[in-house]
Amino acid sequence: MLALAERAIGRNPRMMDEEASSEEEQPPIEDGRIQSGALVGRSLTAGILILGLPVLMQQILGATVGLVDKMLAGGLSEDVVLPAMDGLGVGSYVGWFVGIAMGGLGIGGQAIISRAIGRGDVQEAEHALGQAMGLSVLWGTLVAVLFWIFAPSLASLCGLSGEAADYLVEYVHVLAYSMPFCGMMMVGAMCLTGAGETMRPAMIAVVVNLVNVASSWVLSGADLRLPGVVLTDQFGFDLDVAGIAAGTAIGYGVGGLLTLGLLVRGVRDLRLHLSLVRPVRHMIARVMRVGIPNFLEGVSMWSANLGILAMIGVIAGREARQAVTAASGAGALSEPTAGEGLAGAHIIAVQWESFSFLPGFAIGTAAAALAGQFLGAGNVAMARRAVYVCAAIAVVMMGLLGVVYMLFGQPLTELISTQTKHLGLVPQLLFICGITQVFFAVTMVIRQALRGVGDTVWTFTITTFSCYGIRLPAAWLFGIVLDMGLVGIWIALCGELAVRAGLFLLRFLHGGWAMRKV
């Protein structure tokens, strides 16, 4: 399949009208080849590698940082490790929301830029970049304000109390300071992806992650347990969870400034001109037309998973009450930590599962950029072929990682926590998710591709229906009504992913995405 596409990407010497302001006004590209940007003259195979490998490296580093955060929480003193892990676990969902918030804006810029780059309209690409970057700072500031206001409510919604709730609020408040910089970093990286440039954003991510890990370790006061060695705290800051959050915030600050510098210097056929940051209603409307449905899709998925955390809180409360009842009947004292650790077990499993997301996200990013640029060049057949090839690659890679989860759940858990509750639950959860990784691969790549071509209304519709019509009811049924606990919830979650994969595939086969205007 790849060989058939070797000559599909090239530069047509015929230039497009630089004064055109929208896709509909552009003359058609006669040979359907990408006209500008980093992918000019590249084969489909090379295009996937150029786009996907740097993103994969970036994602691996990001997941490693998340893993180190959990390991640092696990290395805190014994009297705080369980509530700290629960608080940081819910805090991970806040980090996910950050990606959703910034991605909603970034995908609007990326979709317009990829279409413009595909047809050779550098002027429009730079116009979209300027508007997206200006909006990123404003949006990041608004997200920071929302974090400060709603952090206590989030703790209550997820069933956290006492120290766990305090740790969550502390984590969110510290993280809020860095949101404008996070906006510049994430939105800028997505806009660069639309132009086919992923290597330099990935190098920035390397720096960000190194700063993050070092700062979090120094500030948290935790001992970091690695295979065969323990890095003990030598600094004495002892900020606990706040130190972990501060490390993340410092990393975002560095990343935002480095991304801004890169964009001002420019890459091939894309540069940030400060004069284009001034708001222009027409381009803002185009960015938001694609970005708002994408943001709402992310919020839909995120809020549904908050519902899952709330259900885990219900199960934890039930366990605590059962322990009290059993202790009363036996005339003994109840276990004070009964019910604690479930949120932590859930997040540890999610943390390991996130490593399987990495190839899916990286290949999906390549599919999104390639499909968008080919549509800009008027080549629907190559856009479709690129997505099929990317989906096949992701299925193989994520399927293999699924086998690893099924076979090595126990040692993977021990790398993060040796708490009895975690060791008893997490391997079961990893086995369940390992079975369904191939379905998740299809979901990730096709969803990313549809977003990349601007078909965000349909991705929002499918995700919302699947999350609220299937995921939440099934989780409630298996986890609470049938009293299967956290294991039952994971059976529901992974089963829903298989259904969602089928829905996204049906939309792609329908072909309406190819007619979407951005």
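# A tour of salt bridges and a helix pair

Select glutamate 124 to begin: it is buried, with a relative accessible area of 3%. Keep in mind that this model is predicted.

**Stop 1: a buried pair**

Is arginine 286 buried or exposed? Arginine 286 counts as buried, at 3% relative accessibility.

Glutamate 124 sits in helix H3 (residues 122–157) and arginine 286 in helix H8 (residues 281–330). The pair therefore ties together parts that are 162 residues apart in sequence.

**Stop 2**

Then select aspartate 483. The side chains of these two residues also form a salt bridge, at 2.7 Å from N to O. Arginine 318 has 22% relative accessibility, so it counts as partly exposed.

Salt bridges with shared partners join Arg119, Glu124 and Arg286 into one network.

**Stop 3: glutamate 197 and arginine 200**

Select glutamate 197 and arginine 200. They form a salt bridge, with the closest N and O atoms 3.1 Å apart. Show the surface here. Glutamate 197 is buried, with a relative accessible area of 10%. Arginine 200 is partly exposed, at 37% relative accessibility.

How many salt bridges does the structure hold? It holds 10.

**Stop 4: two packed helices**

Hide the side chains and show helix H4 (residues 162–176) with helix H7 (residues 241–265). Their axes are 8 Å apart, and the helices pack at an angle of about 20°. That angle makes H4 roughly parallel to H7. The crossing of H4 and H7 is right-handed.

Bring the side chains back to see the contact:

- From H4, select Tyr167, Glu170, Tyr171, Val174 and Leu175.
- From H7, select Val241, Ala242, Ala245, Ala246, Thr248, Ala249 and Tyr252.

Color these residues by type. What kinds of residue make the contact of H4 with H7? There are 10 nonpolar residues, 1 polar and 1 charged.

How values were computed:
Residues are numbered from 1 along each chain as its sequence is written. This is a predicted model: local features need pLDDT of at least 70, side-chain atom pairs count only at pLDDT 80 or more; totals for chains, interfaces and linings use all residues. Side-chain values use heavy atoms; hydrogens and water are left out. Axes are lines fitted to C-alpha atoms, for helices over the stretch in contact, and angles run from 0 to 180 degrees between N-to-C directions. Helices (H or I, at least four residues) and strands (E, at least two) are DSSP runs, numbered from the N terminus. Angles under 35 degrees count as roughly parallel, over 145 as roughly antiparallel, 65 to 115 as roughly perpendicular and the rest as oblique. A crossing is left-handed if the near helix is turned anticlockwise from the far one by less than a right angle, and right-handed if clockwise. Contact means heavy atoms within 4.5 Å. Ala, Val, Leu, Ile, Met, Phe, Trp, Tyr, Cys and Pro count as nonpolar, Asp, Glu, Lys and Arg as charged, and the others, Gly among them, as polar. A salt bridge is a side-chain nitrogen of Lys or Arg within 4 Å of a carboxyl oxygen of Asp or Glu. Buried means under 20% relative accessible area, exposed over 50%, partly exposed in between (1.4 Å probe, protein chains only).
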